[in-house]
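Me: Hi! I have a structure open and I'd like to talk it through with you. Can we start with a single residue and work outwards?

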Amino acid sequence: MKKALKYSGIVALLLAIVAFILMMVTNAIIQTSGSLQVVTAGTTAIFGKTEHGALVDVVYKPSVLALIGWILALVGMLILCLGVVLPLLKVKALDKFAGLLNLIAVACLVVAGVFCFLVVPTYFAANDADVPSNAAIGAGWVIAGIVYILAGCCAIAPAVADFLGKKK
C-alpha cells in the first residue's frame, strides 16, 4: 500500500491535467431544440468572447465560477507539480509545509470540480439571461468535474492513510 501511495501525487497531477484539458477544449453548455444545437465553448464560458458583427458587437461575459474554478485548478496543479518535482530534486525547503500545501491543492481541485457543474446558471446570470429549459452542461465538463474531484481524492490519499494508520 505504501508503494501505491508514493505515486498518488503524480497520479493526482495527471488526472488534474486531463480535467484541465477537457475543460478547455470541450463545450461547456449545449442547447438543443429539435435538430438544432447551440453550443458554448469552454473557453467562452471561462474567459468570455466578443463577436464583431456588421452593425453591433455581441459581448458574451464569462461565468464567474468557471473562471474561479479554472484559476483554482491552475493553483492546485501548480502545488501538485511542486510536490512531485521538489522531492525529485532533493529540495527540502517545503517539507514543513507539505501537508498544508497538499490540503490546499485538494481543496482547490475539489472546488474547481464543483464549479464545473455550476457553469450553466452562472454563465446565463453573467449575461443577464434566464436559463433556458433546453440548456445543459456539456459532457466534457461533467467528466472534467468528476476527474478534478478524483484528483483531489488521490492527492489526499496519503494523508488519509497516515491518519487511519495512527488510529490503530
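Me: Which residues is Cys 108 in contact with, leaving aside its neighbours within four places in sequence?
Reply: Leaving those neighbours aside, Cys 108 is in contact with Leu 72, Val 75 and Gly 76. Keep in mind that this is a predicted model.

Me: Okay, and where does Cys 108 lie?
Reply: Cys 108 lies in helix α5, which covers residues 98-117.

Me: Buried or exposed, that Cys 108?
Reply: Cys 108 counts as buried, because its relative accessibility is 8% and the cut-off for buried is under 20%.

Me: How many Å separate the C-alpha atoms of Cys 108 and Phe 124?
Reply: Those two C-alpha atoms are separated by 24 Å, and the residues are 16 apart along the chain.

Me: Let me zoom out. How many helices and strands are in the chain?
Reply: The chain has seven helices and five strands. Going along the sequence, they come in the pattern α-α-β-β-α-β-β-α-α-α-β-α.

Me: What does the C-alpha trace span along its principal axes?
Reply: About 65 × 30 × 20 Å.

Me: And what share of the residues count as buried?
Reply: Of the 168 residues in the chain, 32% count as buried. The chain exposes about 9,900 Å², and carbon and sulfur atoms supply 72% of that area.

Me: What about contacts between residues at least 6 apart in sequence, what share join residues at least 24 apart?
Reply: For this chain the share is 68%.

Me: Back to helices. Is α6 mostly covered or mostly open?
Reply: α6 is mostly covered, with six of its eight residues buried. The buried ones are Val 119, Val 120, Thr 122, Tyr 123, Phe 124 and Ala 126.

Me: Let's pick Thr 122 then. Which residues does its side chain and the rest of it meet?
Reply: The side chain of Thr 122 reaches the backbone oxygen of Val 119 at 3.3 Å. Leaving aside neighbours within four places in sequence, Thr 122 is also in contact with Ser 63 and Leu 65.

Me: Why does Thr 122 count as buried?
Reply: Its relative accessible area is 18%, and buried means under 20%, so Thr 122 falls on the buried side.

Me: What happens just after α6?
Reply: Just after that helix, Asp 128 takes a positive phi of about 50 degrees. Asp 128 does this although it is not a glycine.

Me: Why point that out?
Reply: Because most residues other than glycine have a negative phi. As for its place, Asp 128 is found in the loop between α6 and β5, and it is exposed, with a relative accessible area of 68%.

Me: New topic: charges. How many salt bridges does the count come to?
Reply: The count comes to one salt bridge. Glu 51 forms it with Lys 49, and their closest N and O atoms are 3.2 Å apart.

Me: Are those two buried, exposed or partly exposed?
Reply: Glu 51 is partly exposed at 35% relative accessible area, and Lys 49 is partly exposed at 37%.

Me: How far apart are the mean positions of the positive and negative charges?
Reply: They are 27 Å apart, taking the 11 positive and 6 negative charges of the chain.

Me: Which residues is Thr 44 in contact with, neighbours within four places aside?
Reply: Thr 44 is in contact with Lys 49, Tyr 60, Pro 62 and Tyr 123. Lys 49 is the salt-bridge partner of Glu 51, and Tyr 123 is one of the buried residues of α6.

Key:
Residues are numbered from 1 along each chain as its sequence is written. This is a predicted model: local features need pLDDT of at least 70, side-chain atom pairs count only at pLDDT 80 or more; totals for chains, interfaces and linings use all residues. Side-chain values use heavy atoms; hydrogens and water are left out. Helices (H or I, at least four residues) and strands (E, at least two) are DSSP runs, numbered from the N terminus. Buried means under 20% relative accessible area, exposed over 50%, partly exposed in between (1.4 Å probe, protein chains only). Contact means heavy atoms within 4.5 Å. Accessible areas come from the Shrake-Rupley method with a 1.4 Å probe; for residues, only the protein chains shown count as cover. Lys and Arg count as positive and Asp and Glu as negative; His and the chain ends are not counted. The place of a charge is taken as NZ of Lys, CZ of Arg, CG of Asp or CD of Glu. A salt bridge is a side-chain nitrogen of Lys or Arg within 4 Å of a carboxyl oxygen of Asp or Glu. A polar contact is a pair of N or O atoms within 3.5 Å; within protein, one must be able to donate a hydrogen and the other to accept it, and residues adjacent in sequence count only if both atoms are side-chain atoms.
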